[in-house]
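This briefing goes through a protein chain by topic. Please look over the sequence and the model before reading on.

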Amino acid sequence: MASLDRNNKILIDLVRQPGNNRCADCGVPDPDWASCTLGIFVCLNCSGIHRDLADVSRVKSIRLDLWDDSLVQFMRERGNSAAKAIYEKCIPAFFYRPQYEDCTVLKDQWIRAKYERREFTGEKNNFRQAYCSDQFDTTLWKKGKDNKHFLKRIFQLSRKDFTLRYFIKEDSKLPKAVISMKDLNAVFQPEKIGHAHGLQISYVHDKRTRNLFVYHEKGQVIVSLFNAIRATRLAYLQKKHPTLRDNDLIPQITRYCLKEGYMEKTGPTQREPFKKRWFTLCSVNRKLLYFKSPLDATELGAVFIGTESHSYSVSESSGRSTRGGRWHFGVTLHTPDREFVFMCEQEQDQEEWLEAFRKVISQPMTPEDYANEANMRRGK
Ligand SMILES: [Zn+2]
């Protein structure tokens with residue numbers, strides 16, 4: 001390897017310092033790139049997003065590019081911590097800060113909100129109002145309940161009565177659905193939905209989960225809606241739990257499921273043929289849901305996952321070749337009502353499912369969990 005320029009060596013020393021040693025935008029360790037106009041160190045992935053913000057950011061490799069003394073001096077003076085104090089000065093509590101694993105549209109809009117639109121510098125307050133206004137209206141493409149077609153629907157998020165409504169047409173008098181903030185969840189699912197801005201909105205209707213799959217062509221609109229939903233959910237949770245602090249409520253606003261994917265499942269006697277199903281496991285509501293396919297509107301069934309002291313456990317089981325099952329990496333879930341046998345295609349899936357189930361089983365139950373468990377077992 002060619003010997004590094006003196007200035008590159010200075011930058012490599014700088015990037016090892018606390019604050020600089022993680023990407024300024026997604027937090028991943030050991031960033032290798034820098035924005036020489038903003039004075040921040042970023043990872044390769046985020047540097048790609050900065051390239052699209054030519055008016056505010058110019059990125060250079062700290063190892064491969066040539067650096068002038070004046071730019072190195074600026075990097076030394078600024079750095080990630082000082083930049084954070086400017087560009088992340090006042091981020092609303094509800095605002096979602098993406099991590100490395102998050103999808104591109106979330107990271108792209110986070111970086112644009114910070115440096116291009118300067119939403120969090122405290123210079124102007126109108127951005128906060130956009131997320132927290134009484135009503136947020138937008139038109140989204142929504143997947144049909146029983147088909148694969150996406151059609152335009154009008155969505156109205158209301159902070160006044162904590163609801164999200166959607167209408168078939170602009171002049172529709174009555175909404176097709178009025179969704180309460182109570183059980184609402186929203187997560188980006190670009191791969192599942194097949195669109196880079198795909199958002200899954202879930203809620204409970206008639207004791208069953210209802211999934212809506214939507215997107216908007218503009219990344220800014222879908223991410224703004226997502227953060228407006230988060231603002232409304234936080235306001236709802238604050239009203240419902242006046243004694244809890246924001247730090248306790250924030251993880252509940254929206255949440256990813258712990259694990260999702262295909263497994264094969266047999267019936268209650270374990271003599272039924274195995275059928276391939278799409279499973280999702282959520283650690284917040286302790287529910288394992290299964291669907292015929294990933295984009296189904298409602299689940300075929302749900303299993304509550306309690307704790308070990310209430311007779312819930314999970315174990316690895318050996319492959320069985322009978323009853324039509326093609327997969328051989330077994331997971332047996334024991335509940336007080338019955339034993340569920342699932343088969344995974346790969347050993348890694350089996351390990352991940354076992355770990356995910358163990359995580360939920362080891363979590364202590366809340367009073368709300370006890371009520372959910374009683375409801376679900378009564379509903380059988
Ligand atoms: Zn990054």
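Helix 10 (residues 347-362) lies across strand 11, strand 12 (275-282), strand 13 (287-291), strand 15, strand 16 (329-334) and strand 17, where contact means heavy atoms within 4.5 Å. Helix 10 runs at about 165° to strand 15; axes are lines fitted to C-alpha atoms, for helices over the stretch in contact, and angles run from 0 to 180 degrees between N-to-C directions. Helices (H or I, at least four residues) and strands (E, at least two) are DSSP runs, numbered from the N terminus. The model is predicted: local features need pLDDT of at least 70 and side-chain atom pairs count only at pLDDT 80 or more, while totals for chains, interfaces and linings use all residues. Residues are numbered from 1 along each chain as its sequence is written, and side-chain values use heavy atoms, with hydrogens and water left out.

- Seven strands make an open sheet with antiparallel pairing, in the order 14-13-12-11-17-16-15; two strands pair if DSSP finds at least two bridges between them.
- At the edges are strand 14 (301-304) and strand 15 (313-317), each of which pairs on one side only.
- From one strand to the next, the twist averages 35°.
- Strand 11 (residues 259-265) and strand 17 (residues 339-344) run antiparallel and are joined by two bridges.
- Glu264 has Met343 in strand 17 as its bridge partner.
- Helix 11 (residues 367-378) lies across strand 13 and strand 14, and runs at about 135° to strand 14.

- Strand 4 (residues 135-143) and strand 5 (residues 150-158) run antiparallel, with nine bridges joining them.
- These two strands, strand 4 and strand 5, form a hairpin that has six residues between them.
- Lys152 in strand 5 is the residue that Trp141 stands opposite.
- Strand 5 also pairs with strand 6 (residues 163-167), in the antiparallel sense and over five bridges.
- Opposite Phe155 stands Tyr166 in strand 6.
- The hairpin of strand 5 and strand 6 has four residues between the strands, and in this hairpin Phe162 takes a positive phi near 55°.

- Three strands form an open sheet in the order 2-1-3, with antiparallel pairing.
- Strand 2 (40-42) and strand 3 (59-61) stand at the edges with a single partner strand each, so one side of each has no neighbour in the sheet.
- The twist in this sheet averages 35° from one strand to the next.
- Strand 1 (residues 33-35) runs antiparallel to strand 2, and three bridges join the two.
- Ala34 stands opposite Phe41 in strand 2.

**The second largest pocket**

- The second largest pocket has a volume of about 510 Å³.
- Its lining has 14 residues, of which Glu101, Phe188, Gln189, Tyr256 and Glu260 lie nearest the centre of the pocket.
- Two or more lining residues come from each of strand 8 (185-188) and helix 7 (190-193).
- Helix 7 gives the largest share of this lining, three residues.
- The lining divides into eight nonpolar, one polar and five charged residues.
- On a 1 Å grid over the protein atoms alone, a pocket is an open set of points where a 1.4 Å probe fits, with protein on both sides within 12 Å along at least five of seven lines; lining residues have an atom within 4 Å of a point.
- Grid points are joined across faces, edges and corners, and a volume is the space filled by probe spheres set on the points.
- Ala, Val, Leu, Ile, Met, Phe, Trp, Tyr, Cys and Pro count as nonpolar, Asp, Glu, Lys and Arg as charged, and the others, Gly among them, as polar.
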